[in-house]
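Me: I'm new to this one. Can you walk me through it, starting with the ligand?

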Amino acid sequence: MPHADSALVPETITNKAEFWAHTYSQLDALLDPDQRNWVTNLSNASSLIYNSLLVFPTHFGNGQRAVNWCGFYLDSHLFPQPSNGSSKSASSRLLLGPFNGKPACQYINTAPGKARGVCADGFFQRRTIVVSDVEAYPGHIACDGETKSEIVCPLILPSPSGGDPAHRVLGVLDLDCLAVEAFDDEDKAGLEKIAALLVKACDW
Ligand code: SME
């Protein structure tokens, strides 16, 4: 099957639970156990989710386009730190990662006292945040004024022993929609499974 066909959604799929189960299995098939680079895997994941949602709008966004943006923000501490004398706080950021959609904020501040927005909240609170109306969300960062609702799911690397204290948040998966109230608990459950699959499939 050509890789692009991974984002086709069969007409037999009619609800969110089926949609997310289908998208999970398409992603699982795309991921190659011999290729564990996060740039590659998160790039295809954002494309798969975005393009699958575009062709499955019925149950999302009150009939509007189901997705306006889909992508990743990653903890800057995953990357080599600048050697140009930048302050430590300047490097405490979520950096824009692979995505599909229009250009977006290149980083989100996570320095103490400066963090705000849905992505930073999902990152620090280590939980999925569903925002039914972004205008009513304190601190929301509007990368695109047309976005009306949003869901942010953390990428959590479990500790090797399975114990809680050592686990680490690598970044977040962020989806935006043009309609209010597009996302709910079914999207949360679907995205959390996808996030766990991606964390396991990459070297960090
Ligand atoms: N709205 C996000 C910023 C990222 S964009 O939506 C792509 C936030 O409040 O963190």
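This is a predicted model: local features need pLDDT of at least 70, side-chain atom pairs count only at pLDDT 80 or more; totals for chains, interfaces and linings use all residues.

Me: What is 3.0 Å from a nitrogen atom of the ligand?
Reply: An N or O atom in the side chain of Glu 150.

Me: And the oxygen side? What lies 3.0 Å from an oxygen atom of the ligand?
Reply: A polar backbone atom of Cys 119.

Me: How much of the ligand's accessible area does the protein cover?
Reply: The protein covers 99%. On its own, the ligand has 300 Å² of accessible area.

Me: Where does the ligand sit?
Reply: In the largest cavity.

Me: Let's zoom out. How many helices and strands does the protein have?
Reply: The count is 4 helices and 6 strands. From the N terminus, the order is α-α-β-β-β-α-β-β-β-α.

Me: What share of the residues counts as buried?
Reply: The figure is 45% of the 204 residues.

Me: Give me a buried one. Where is Asp 75 found?
Reply: Asp 75 is in strand S1. Asp 75 counts as buried because its relative accessible area is 7%, under the 20% cut-off.

Me: Which side chain does the side chain of Asp 75 make a polar contact with?
Reply: The side chain of His 77, at 3.0 Å.

Me: What about Asn 68? Where does Asn 68 lie?
Reply: Asn 68 lies in the loop between helix H2 (38–54) and S1. Asn 68 has 5% relative accessibility, so this residue counts as buried.

Me: Which side chains are joined to that of Asn 68 by polar contacts?
Reply: Asp 144 is one, at 3.0 Å. Thr 147 is another, at 2.9 Å.

Me: Now Val 199. Buried or exposed?
Reply: Val 199 is buried, with a relative accessible area of 5%. Its place is in helix H4 (residues 185–201).

Me: How far is the C-alpha atom of Val 199 from that of Leu 157?
Reply: They are separated by 6.4 Å. Along the chain, Val 199 and Leu 157 are 42 residues apart.

Me: Where is Arg 126, then?
Reply: In the loop between H3 and strand S4 (129–131). At 38% relative accessibility, Arg 126 is partly exposed.

Me: And Glu 181? What is its phi near?
Reply: Phi of Glu 181 is near 55°. That is a positive value in a residue other than glycine.

Me: Is Glu 181 buried or exposed?
Reply: Exposed. Its relative accessibility is 57%, which is over the 50% cut-off. Glu 181 is found in the loop between S6 and H4.

Note on methods. Residues are numbered from 1 along each chain as its sequence is written. Side-chain values use heavy atoms; hydrogens and water are left out. A polar contact is a pair of N or O atoms within 3.5 Å; within protein, one must be able to donate a hydrogen and the other to accept it, and residues adjacent in sequence count only if both atoms are side-chain atoms. Accessible areas come from the Shrake-Rupley method with a 1.4 Å probe; for residues, only the protein chains shown count as cover. On a 1 Å grid over the protein atoms alone, a cavity is a set of points where a 1.4 Å probe fits but cannot get out, and a pocket is an open set with protein on both sides within 12 Å along at least five of seven lines; lining residues have an atom within 4 Å of a point. A molecule sits in a cavity or pocket if more than half of its atoms lie within 2 Å of its grid points. Helices (H or I, at least four residues) and strands (E, at least two) are DSSP runs, numbered from the N terminus. Buried means under 20% relative accessible area, exposed over 50%, partly exposed in between (1.4 Å probe, protein chains only).
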